[in-house]
Amino acid sequence: MAKITTALAVVTLLACMIMATESVLNCGQVATGVAPCLPYLRNVGPVTPTCCAGVRSLVNVARTTPDRRAVCTCLKSAAGNIRGINLSVASSLPSKCGVSIPYKISPATDCNKVT
């Protein structure tokens, strides 16, 4: 019985360690952050303060490598799947909002290389 309890404790500890390294961000949060930017990304409007606030918020929340990779993956997917997005404009969005991200917003980005 003691061996089973010890084994369960070890498995639980390992699971917690794995979950601690996984991203806490999801694509819904990323979509909410960049939704105000869609008119700009589709060339039908300017970069708004609300858009940049969402972008800055995502940059501020994505402090770990798993979080940055999660945001990258969500943005990459959106860049490839949302109709009408101008990819050149999308890649310029961080600089337009005065932030820097360690990857290009593009369907071709390898998010596994983001650190």
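Visitor: How many residues are in the largest nonpolar core?
Guide: It has 27 residues. Leu-41, Val-55, Val-71, Leu-75, Leu-93, Tyr-103 and Ile-105 have the most contacts inside it. Such a core is a set of buried Ala, Val, Leu, Ile, Met, Phe, Trp, Tyr and Cys residues joined through side-chain atoms within 4.5 Å. Buried means under 20% relative accessible area (1.4 Å probe, protein chains only).
Visitor: Which helix gives the most to this core?
Guide: Helix 5, with 5 residues. Helices are DSSP runs (H or I, at least four residues), numbered from the N terminus.
Visitor: Is this a prediction or what?
Guide: It is a predicted model: local features need pLDDT of at least 70, side-chain atom pairs count only at pLDDT 80 or more, and totals for chains, interfaces and linings use all residues. Residues are numbered from 1 along each chain as its sequence is written, and side-chain values use heavy atoms, leaving out hydrogens and water.
Visitor: Back to Val-55. Buried or exposed?
Guide: Val-55 is buried, with a relative accessible area of 8%. Val-55 sits in helix 4.
Visitor: What does Val-55 touch?
Guide: Gly-33, Val-34, Cys-37, Leu-93, Cys-97 and Val-99, not counting residues up to four places away in sequence. Touching means heavy atoms within 4.5 Å. The C-alpha atoms of Val-55 and Gly-33 are separated by 6.0 Å, though the two are 22 residues apart along the chain.
Visitor: New topic. Where does Asn-43 lie?
Guide: In the loop between helix 3 and helix 4. Asn-43 has a positive phi of about 65 degrees, yet it is not a glycine. Most residues other than glycine have a negative phi.

Terms used. Buried < 20%, exposed > 50% of the residue type's maximum accessible area, 1.4 Å probe, protein only. Helix = DSSP H or I, 4+ residues; strand = E, 2+ residues; numbered from the N terminus.
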